[in-house]
Amino acid sequence: MAVETSLRETFTEFMVEAEPRLRRTLVSLYGPEVGREATADALAYGWEHWSKVKEMDNSAGYLFRVGQSNAKKHRRREVPFPKEPRSSDGEHWAEPGLDHALTDLSDHQRTSVLLIHGFDWTYEEVSQLMGVTRSTVQRHTERGMAKLRKALEVQSVA
């Protein structure tokens with residue numbers, strides 16, 4: 001009984017810290033509906049296999065991969081922005097072509113760009129979550145931003 005309580009407590013501590021980041025990442029990749037479902041699937045898998053998952057160097061990164069795999073069965077290439085990105089006063093709150101431009105990025109580029117520029121994550125945080133090096137995240141971000149600038153016909157800000 002004590003072992004089960006210990007596993008529950010360590011998983012609960014892990015989930016409180018990891019769930020918001022995992023959810024935001026999967027939602028940014030797959031949209032709100034599929035992203036939340038993938039998060040729930042990943043955390044359920046984590047709980048079922050917690051005795052093994054807790055020993056991993058990057059448990060959250062591993063569950064991110066589990067979430068990605070589960071999302072593929074529900075995958076829709078949608079971006080989590082509304083069709084009409086306007087505020088209540090009719091002004092655009094985001095570039096009108098941004099949703100389409102984000103859809104054209106690779107999954108890694110879109111994840112990196114959204115987490116770094118949309119959610120203010122650091123390169124290190126994204127690299128840990130994705131299980132890649134910091135330089136790989138930086139490269140995905142730079143290439144993604146270059147594609148967005150080209151698609152939206154905007155100049156780079158110096």
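## The buried side of α8

Reply: In this predicted model, the buried residues of α8 are T136, V137, H140, T141, G144, M145, L148 and L152. Around the axis they cover an arc of only 160 degrees, which puts them on the same side of α8.

Me: Which exposed residues does the face of α8 turned away from its buried side carry?

Reply: The buried residues of α8 include H140 and L148, and what covers the buried residues of this helix includes α5 (98-103), α6 (107-118) and α7 (123-130). On the face turned away from that buried side, the exposed residues are R143 and K150.

Me: How far apart are the end C-alpha atoms of helix α8, and what span should its 19 residues have?

Reply: Helix α8 runs over residues 134-152, and at 1.5 Å a residue its 19 residues should span 27 Å. Just after α8, E153 takes a positive phi of about 55 degrees.

## The chain as a whole

Me: How many helices and how many strands does the secondary structure of the chain come to?

Reply: Read along the sequence, the chain follows the pattern α-α-α-α-α-α-α-α. The secondary structure therefore comes to eight helices and zero strands.

Me: What percentage of the 158 residues in the chain is buried?

Reply: The chain exposes about 9600 Å², of which carbon and sulfur atoms supply 51%. Among contacts between residues at least 6 apart in sequence, 64% join residues at least 24 apart. Of the 158 residues in the chain, the buried ones make up 37%.

## Helix α2

Me: Within what arc do the buried residues of α2 fall, seen down the axis?

Reply: In α2, the buried residues are V34, G35, A38, T39, A42, L43 and G46. Seen down the axis of α2, these buried residues line one face of the helix, because they fall within an arc of 165 degrees.

Me: Which exposed residues lie on the face of α2 turned away from its buried side?

Reply: Helix α2 covers residues 32-48, and its 17 residues should span 24 Å at 1.5 Å a residue, which agrees with end C-alpha atoms 24 Å apart. The face turned away from the buried side of this helix carries the exposed residues E33, R36 and E48.

## Salt bridges

Me: How far apart are the closest N and O atoms of E19 and R23?

Reply: Side chains of opposite charge can pair when their charged atoms come close. E19 and R23 are four residues apart in helix α1 (residues 2-30), which means that about one helical turn separates them. R23 counts as partly exposed, at 30% relative accessibility. E19 forms a salt bridge with R23, and the closest N and O atoms are apart by 2.8 Å.

Me: Are R110 and D107, which form a salt bridge, buried or exposed?

Reply: The closest N and O atoms of R110 and D107 are 2.7 Å apart, and the two residues, three apart in helix α6, are separated by about one helical turn. A residue counts as buried under 20% relative accessible area. R110 has 3% relative accessibility and counts as buried, and D107, at 18%, also counts as buried.

## Aromatic rings

Me: Which residues do ring pairs link into a cluster?

Reply: The count comes to five aromatic pairs. In one of them the rings of F11 and F14 have their centres 6.3 Å apart and their planes at 40 degrees, so the pair is tilted. F14 is buried, with a relative accessible area of 15%. Ring pairs link into a cluster F11, F14, W47 and W50.

Me: How many residues apart are F14 and W50?

Reply: F14 is buried, with a relative accessible area of 15%, and forms with W50 a tilted aromatic pair, 5.0 Å centre to centre and with 40 degrees between the planes. The pair links distant parts of the chain, F14 in helix α1 and W50 in helix α3 (residues 50-53), and their separation is 36 residues.

Definitions and conventions
Residues numbered from 1 in each chain as written. Predicted model: local features only at pLDDT ≥ 70, side-chain atom pairs only at ≥ 80, totals over all residues. Heavy atoms only, no water. Expected span 1.5 Å × (residues − 1). Buried < 20%, exposed > 50% of the residue type's maximum accessible area, 1.4 Å probe, protein only. Arc of directions from axis to C-beta. Contact = heavy atoms within 4.5 Å. Salt bridge = Lys/Arg side-chain N within 4 Å of Asp/Glu carboxyl O. Areas by Shrake-Rupley, 256 points an atom, 1.4 Å probe, with all protein chains shown as cover. Phe/Tyr/Trp six-rings, centres within 6.5 Å; stacked < 30°, edge-to-face > 60°.
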